[in-house]
Amino acid sequence: MGNIFQNIISKSRKKSPWIVHFDCNSCNGCDIETLACLTPLYDVERFGIVNVGNPKHADVLVVTGSVNNRNVRALKNIYNQIPEPKAVVAVGACACSGGVFKECYNVLGGIDQVLPVDVYVPGCCPRPEAIIDGIVMAVGKMDEKAAKMKESRNLEAVND
Amino acid sequence: METYLLLAIAILLPVLCAGLCSVIRGRTGRSIIVTAALLVMSVVAVLLVGRITAAGGKLALGLESPIDFNLIVEILDIALIVYIIYIGFSLKKMLISTLASIQLAIVLLFEIFGSVKEPEKVFMLDYLSLIMVLLVSIVGPLVAVFALGYMQEHEEHQHMKKSRQPRFFVIIFIFLGAMNGLVITNNLMWMGFFWEVTTVCSFLLISHDRTEEAVRNGIRALWINLVGGIAFVLGIVMIYSVSGTLAIDEIVSARPGAAFAGLLPIGLGMLCLAGFTKSAQFPFQSWLLGAMVAPTPVSGLLHSSTMVKAGVYLVVRFAPAFAGTILGTIVAVVGGFTFVVGSALAISQRNAKRVLAYSTIANLGLIICCAGIGTNIALGAAMLLIVFHAISKGLLFLCVGTIEHGIGSRDIEDMQGLMKKMPFTTVITVIGMISMLLPPFGVLMTKWLAIEAAVHLPIVLVLIIIGSAFTVFFWAKWIGIILTMSYKTSMHVEKLKVSVKTALSVLTLFVLSASILIVPLFNTFVAPQLSMDALGDASSLTSGNGGIWLGNGNTLNMGGFASIGFFIVLFAIVLTIPIFIRRTKPEKIKPPYMGGENVNDDIRGIEFTGPGDKVESVIVHNYYFKNLLGEERLTLVVNLIAGAIIMIMFGVVI
Amino acid sequence: MKYLPEIIIALITIIAAPIIGGLLTGLDRKLTARMQNRIGPPLLQPFYDFFKLLGKEKITLNQTQMVYVLCYLLFAIMALIMLVFKQDLLMLVFILTFSNLSLVVGATSVRSPFSKIGAQREIIQMVAYEPVILMMTVGIYLTTKSFMIESIFQHDQPMIANLPLVFLAFVFVLTIKLKKSPFDFSTSHHGHQELVKGITTEFSGLQLALIEMTDWYDLVLLLGMISLFFAKPLWVGILIALASYFLEIVIDNISARVTWRWMLKIVWLFGIGAALTNIIWLYARR
């Protein structure tokens, strides 16, 4: 019985990734493409993807732009507020590696300097199809993350 | 004979205690007196319940003694009015002296030229009086017990050099005695005397602190209630001139029929007007709001079981006399109007005591509205509401007083996070508030009855419906604020004075038990009283009237659920709280979302990084709609409307 | 075992209502997508969301949040069961208020500006629709002489014959109750996110799942209340209820959001006005 329930949950996880979109330091090119995914043409809701705009409800953190000293705090804060299991998708060249801003004095580099990124969507800017593909790939990793979450919880229980 | 003794104790014991308080000025002695008074008065009240039930629900007693008690009361009455005139002179308020003089003139003329036939039965006890006696004798002394601890702190806060507590308790006890007398007596003149005693006592209590504001508000209370007093004596004169008796039971049981003409309706209208002033209906509400400057036990007393309840008692007592007439309908409109406007104004208030005051005014309005509707269901609702409102509101005032001493403010916004500082008081306050607006507690049940009763009067119905929507608004805001809390690893244990804690706990117990035992309460007290009143629609007492429990046997059938089941569900939910508290682990706690700008990992999340890296704290206030429902904006208009309605009332009955 | 049939009916209600409500919500999302020229999520999407939320980490802000969510859920179920057993309508409305109030208190119990303001707006919404719903019950009382839902089914005429304006007013406030645009300002949906997620901002995981489920119960309950207007035969009522739901979806998609001032004005003027007119004419006719 518990097994069936777990299966349902695991299946649902793949069908309902809610995203929160955070614009770090982007030139807005990637943001426009990300939001374009919501339009009738691409219609991400087909895959159950909803832009919830609230980390407490989200499963996937979509980050555009590179991290700098100003926004690293907010980025970490938002990441921390997303309940497990969660995934991070870096959208665009800047988010992946820092892009053209990589060597700037105030830029830390790509998102992976701060957060564990699961999927890199390269491009300047990436096409909406690529972004959707990235999110769906991130969703594929959810089960693995959930298992990890469970493991750490069990560990806690043992430690208690 | 023993019944006389009980009645004498009910009225005179408080007076005796008052005497003792003025003689024994030590703190210990006072505590003993107050506690003893609480015990004796509650026992007497409970014994009286047995008497009345044995006597079949109504007990009328005459006094056969060589002493002419009527004369004594008359002399006391006149002395009291003279004392009021003296107050007026000493405060240089000619208005008060004038009003009191008018009253004196009427009383003297009536006594000398009226050749008054005093009724033989001086005391009359039925279930309505009994409910009031129970409230006065149990809730009243409980408030006094609370005051023991409170007044001490209060005087510390006020930095008083010489304690004025003896005076305070003397007045409180006289007040309680007068209230008991007011509800027990069967002689209208006596009632008038006790009425004046409560007026004077309330003046003395409100101006107790002797600050300029306190005295000003005391004076306002005095003159408004003196207007009511004049209406009262005028009512007595008019009714006596028609019916030739001062016995309340005879006046009430005289059915209005063809005889409902001439001076009788005006007389009854005058009595209602007196009731309106005493229970602070619009446009007479300002004295009750002013009374908020007094120490909290005073507000607790004035608002719950005494003073304002005297007004509604009067209206409910005489309701059968004008049931079903146009006078009744307009009284219902006055009450309903007060209910709506009181609730609306409560929304705009930030001061906790003022919110409670407006809520009191609104609920009294609902009681008067029910009395005006005058059917069996309506009067039942009025009687039940008197009980539930007295207990819940008494509790809430005491809670606000405790909170005020705890956090040093009575502003609702300052109560945010109260759970951290005063968990015990917070929980009790929330119980009190919930009992004012949610099922399955008594106040909502009576509101339900009121709506059922008002169905045939569309105007009144609309007023009740809109009023109850407003009610939800201000209570919900307040509950939300005081329940705001962040994660706590351990609960702070609150230190309260024993007397304060006792009074709060006992009142909470009463709130819960009264609501749980609503059916026995209805069946033993309300239903027999209604059947004695013998109003027209007796069938509604016996037929299973929808979801209402009238005649449905011994279980309150709350729309398919026995109400007791409802309580079980509630308690089950409450019991889950400790489970959640135990199972909530610190590592699962996250701070609130603030756009990623939380200053640090502080789980309370009360600070965020603002522009220019400045640390700012989060302040979210409730909506108060000052521009829409503010006092400045509404008071004048609603007073005019309310005054107009009362004018119409007299215009119609003349 | 005198009450066995009742218990079974109650159990069926408790299980079936969220399934129906969830499917209707799925249908809503599908239809909304079609109206926006999109393909939209699968019909079972609300259930996927629900189960996903069950599998999330159970984070919380304080110890009491979950209690309020449970109150919200349990009292909504209670109200629905009262409807199924055809009990007192007035009490049902009060219990529904209780349920809503728990959510409001739950949202204000945390120190989050978004959820607090959302809760304030929710209270304003309650003040707006409560009078209309209460007047609906009164209108039904004036027609059937009883507050019991049972009596609606015994009455020989459908309610709509006597209460057309009350019905319109009720459909009007249904928009508020279902939290649809133009009155969705306590919990934002669609792209409206000026308050993040308003009243539900600080609920996550299991708590949010239970709130969604309660919304499904509420949906079934409200549609049930609509069908009361056409009871006899019941299937007509259910069809009309579904039609009203479709209407709500259309309104949701064609209207921009209003401010609370507008809402109060519109609802009190037209909603209460219409209901009151209806009640007065019923009263005058008797």
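In this predicted model, chain A holds an open sheet of 5 strands, which run in the order 2-1-3-5-7 and pair in parallel. Look to the edges and there are strand 2 (50–51) and strand 7 (119–121) of chain A. Each of these has just a single partner strand, so one side of each is left without a neighbour in the sheet. For strand 2 of chain A, the partner is strand 1 (residues 18–23) of chain A, and the two pair in the parallel sense over 2 bridges. Ile19(A), for instance, has Asn51(A) in strand 2 of chain A as its bridge partner. A helix comes into the picture here too: helix 2 (residues 29–36) of chain A packs on the sheet. This helix touches strand 1, strand 2, strand 3 (60–64) and strand 5 (87–91) of chain A, and its direction makes about 145 degrees with that of strand 3 of chain A.

Next come the salt bridges. Over all chains, a search of the whole structure turns up 23 of them. One joins the side chains of Arg13(A) and Asp143(A), at 3.5 Å from N to O. This pair ties together distant parts of the chain, with Arg13(A) sitting in helix 1 (residues 2–15) of chain A and Asp143(A) in helix 6 (residues 142–159) of chain A, 130 residues apart.

Then there is the meeting of chain C and chain B. Chain C brings 61 residues to the contact, and chain B brings 62 residues. About 5,800 Å² of area is buried between the two chains, and carbon and sulfur atoms give 77% of that. On the chain C side, Gln63(C), Arg111(C) and Gln120(C) supply 14% of the area that chain C buries against chain B, more than any other three residues.

What about salt bridges and polar contacts here? Across this interface the rule finds 1 salt bridge: the side chains of Lys590(B) and Glu57(C) meet at 4.0 Å, N to O. The rule also picks out 9 residue pairs in polar contact across the interface of chain C and chain B. As for where the chain C side comes from, the elements that give two or more residues are helix 3 (65–84), helix 4 (89–108), helix 5 (113–144) and helix 10 (260–285) of chain C. Helix 5 of chain C gives the largest share, 17 residues. Sorted by class, the side of chain C that touches chain B has 40 nonpolar, 12 polar and 9 charged residues.

Notes: Residues are numbered from 1 along each chain as its sequence is written. Chains are lettered from A and ligands numbered from 1 in the order in which they are written. This is a predicted model: local features need pLDDT of at least 70, side-chain atom pairs count only at pLDDT 80 or more; totals for chains, interfaces and linings use all residues. Side-chain values use heavy atoms; hydrogens and water are left out. Contact means heavy atoms within 4.5 Å. Buried area is the accessible area (1.4 Å probe) that two parts lose on being put together, summed over both. A polar contact is a pair of N or O atoms within 3.5 Å; within protein, one must be able to donate a hydrogen and the other to accept it, and residues adjacent in sequence count only if both atoms are side-chain atoms. Helices (H or I, at least four residues) and strands (E, at least two) are DSSP runs, numbered from the N terminus. Ala, Val, Leu, Ile, Met, Phe, Trp, Tyr, Cys and Pro count as nonpolar, Asp, Glu, Lys and Arg as charged, and the others, Gly among them, as polar. Two strands pair if DSSP finds at least two bridges between them. Axes are lines fitted to C-alpha atoms, for helices over the stretch in contact, and angles run from 0 to 180 degrees between N-to-C directions.
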